[in-house]
Amino acid sequence: MTAPGVQEWFVREVLPLEAALVQYLQHNWRNRADVEDILQDVYVKVCEAAVKERPQQTKSFVFTTARNTLIDRVRKEQVVPIEAVADLDALNMAADDPGPERAALARDELRRVQAALDRLPPRRRQAVYLRQVEGLSRREIATRMGIGEETVKEYLAEGLFDLAELLFSEPADMRRRP
Amino acid sequence: MTEALNETSSETTAREIKRRAAAFVIAHRTSDEWSDADQQTLDAWLNERPEHSIAFWRMDAAWQSTHRLSVLRPQQSEPARRSHLMSRTAKAVAAVAAIAVVAYAGQSAFRPNEKVYASAVGDRKILTLADGSRIELNTDTVLRVIQSETGRKVRLDKGEAYFDIKHDGAHPFVVEVGKHRITDLGTKFVIREAGERVDVSLLEGRARIDAPDAKSAVLTPGDVAVATDTSLSVRKTETRRIENTLAWRTGLLVFNNTTLGEAADTFNRYNRKKLVIENPQTAGLTIDGTFHTDNVNAFVDVVQHVLKVNVKNNASEIVISP
C-alpha cells in the first residue's frame, strides 16, 4: 500500500468518517464484535480502489463499499440478517451533509484531543503527556514515573491505541464531556 | 535490534493489528536509536498486508494529532516559581514543545522533503529527528529540515538553535547558515545567526565549519567560532561559559559580568517590549544574575536597585537612564 498520496488521502478524507461508519456497521450487523474486522475490510477495499483511482465522492464511495462488504458477509456466512442493510440511504445522506458537528470538530481539534487525553487511564495519560507536552525522552519518562523504559513504551502504545479509538471511532456526541 | 520489534506472534484480528501498529508507531516515533534493522522490520510488517499499512497510518495520524497538545505546556508566569530559578521545578515547568519530525517508511512518494519549523519571539521548540537527534529552537528562530537519502541537512534561516546530533559516519549532519556550512563530527553545539555573523559554540565532540571563502576550522569543546562573509575566527572559552549561554534551553538567561547593553540586547530577542539603554556609560555597567527569559521586569527591578539607575516603563519599551 505505497501508492503516492493514498495515506494522505485516507487520513484527510476517510478517517474523519470512521465514527459514522462504525455507527452504520453497528446498526446493520447483529454481532457487534465483528464490527472492527468489518471496518478493517472496508478500509482495505477503499484504499485498494484509491490506489487505482481516487473516488470523486469519498463519503458515498466509502459507505457504498461498507454496504457491499456487509452484503458479501451475509452471503458468505449464509445468515439472514434481521435488519438488512436498508438503512444505508438514510445514513448515507446524513453522512454527506457536513453538518455543524464536523465543522465544529475541525475548529475544536485541540479541545477534542485534550478531551481524549483526559479520558485515558492515569498512567497512560501521564506517559503521553510527558512525551508530547513536556517533550521528554522515554528514558526521562521512565525516571519520572519510576518504571522501566519498556513499560513506558507499553503505556505509550496503549495510550495511543485508546486515543485513536476516542478520536476516530467514537460518535461525536460521546466525545464531549459535560 | 534496538527496538526489539521482532515478536513472532502474527496478528489475525483487526484489534491485534491495531495494537501492533500502535506499538510500531511508538517505537518509531519515540526512539532514540532507530536502526536500519528496526526500519527493515517495520517495512516488512507494513508490506505484509494492506491492513498493516492502513492501521499504521491511522495510529500515526492519532499520534500526530497529539502534537497540538504542546500548546498546553505549563506557563511560567507564577511568581512563586521565580524564587527557585535553577531548581528542578523551574526546569520542569520550563516551556517545552515537542515536535516529532515526520519520516515514514515506504511512503516516500508524498513525503515532503523539506519541513519548516519556526518559534515565535519568547518561544522555544524541540524537534526530535527520526534518527534521535535533537534540535532545540530558541526564540524567534526559523529552521528547515531537509531530508534526503544520502545525508541529513538543516538550514538555519534565522535565530539560534542547539543541536544534539547522533553521529553517523555514513550520513553526516550538515547545518547551513547563510553561506556557511557546519558539519557535525558527533556533537553537541549551538549556532546563532545574528545578521552579519554566525556564532558556533561547541560543547561536546567535534564539528567543522566551512566559510564561503574556503576557510575552515575544526572545532573542539569550548571553541566559539565567529564567522562573517569575509572572516572566520575561533576562540577558546570554558565549556561552562557555553553552558551558561545555553540556559535559554530551560527558559533562563545567565549573566556573568555581562554589560547592561549586552543583557538588554539578549532580553530584546525574547520579548516584544524592548529595553532601551539611554547612554553608553550606563550600557557599560555590568551585572550578574539568572533570569527568566520572559521576565524583563525582574531584571529591571534588580538593575534599578543594584545599579541605581532610572527606569521608565512605557507601553512599548522600558527606558533605562543614569
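Colleague: Why is Asn257(B) called exposed?
Modeller: Asn257(B) has 7 C-beta neighbours inside 10 Å. The model is predicted: local features need pLDDT of at least 70, side-chain atom pairs count only at pLDDT 80 or more, and totals for chains, interfaces and linings use all residues. Residues are numbered from 1 along each chain as its sequence is written, while chains are lettered from A and ligands numbered from 1 in the order in which they are written.

Colleague: Where is Asn257(B) placed, and what is its phi?
Modeller: Asn257(B) is in strand β13 (residues 252–259) of chain B. Strands (E, at least two residues) and helices (H or I, at least four) are DSSP runs, numbered from the N terminus. Phi of Asn257(B) is near 55°, which is positive although the residue is not glycine.

Colleague: What makes Lys308(B) count as exposed?
Modeller: Lys308(B) has 9 C-beta neighbours inside 10 Å, so it counts as exposed. Lys308(B) follows α8(B), in the loop between α8 and β16 (310–313) of chain B. Its phi is also positive in a residue other than glycine, near 50°.

Colleague: How do you know that the length of α8(B) agrees with what a helix should span?
Modeller: The expected span is 1.5 Å times one less than the number of residues. For the 12 residues of α8 (residues 296–307) of chain B this should be 16 Å, and the end C-alpha atoms are 16 Å apart, so the two agree.

Colleague: Why is α2(A) described as largely enclosed?
Modeller: Eight of the 11 residues of α2 (residues 18–28) of chain A are buried, so the helix is largely enclosed by the rest of the structure. Among them are Leu21(A), Val22(A), Tyr24(A) and Leu25(A).

Colleague: What makes a set of residues a nonpolar core, and how many residues has the largest?
Modeller: Such a core is a set of buried Ala, Val, Leu, Ile, Met, Phe, Trp, Tyr and Cys residues joined through C-beta atoms within 7 Å. The largest has 65 residues, and those with the most contacts inside it include Leu21(A), Leu160(A), Ala22(B) and Met59(B). Helix α10 (residues 149–169) of chain A gives the most to this core, with 11 residues.

Colleague: Which residues is Leu160(A) in contact with, leaving aside its neighbours within four places in sequence?
Modeller: Contact requires C-beta atoms, placed from the backbone, within 7 Å. On that count the partners of Leu160(A) are Ala22(B), Val25(B), Ile26(B), Met59(B), Ala62(B) and Trp63(B).

Colleague: How many residues of chain B are in contact with chain A?
Modeller: There are 39, against 39 residues of chain A. α3(B) gives the most to that side of chain B, with 11 residues.

How values were computed. A residue is buried if 20 or more other C-beta atoms lie within 10 Å of its own, exposed if 12 or fewer, and partly exposed in between; C-beta atoms are placed from the backbone. Two residues are in contact if their C-beta atoms, placed from the backbone, lie within 7 Å.
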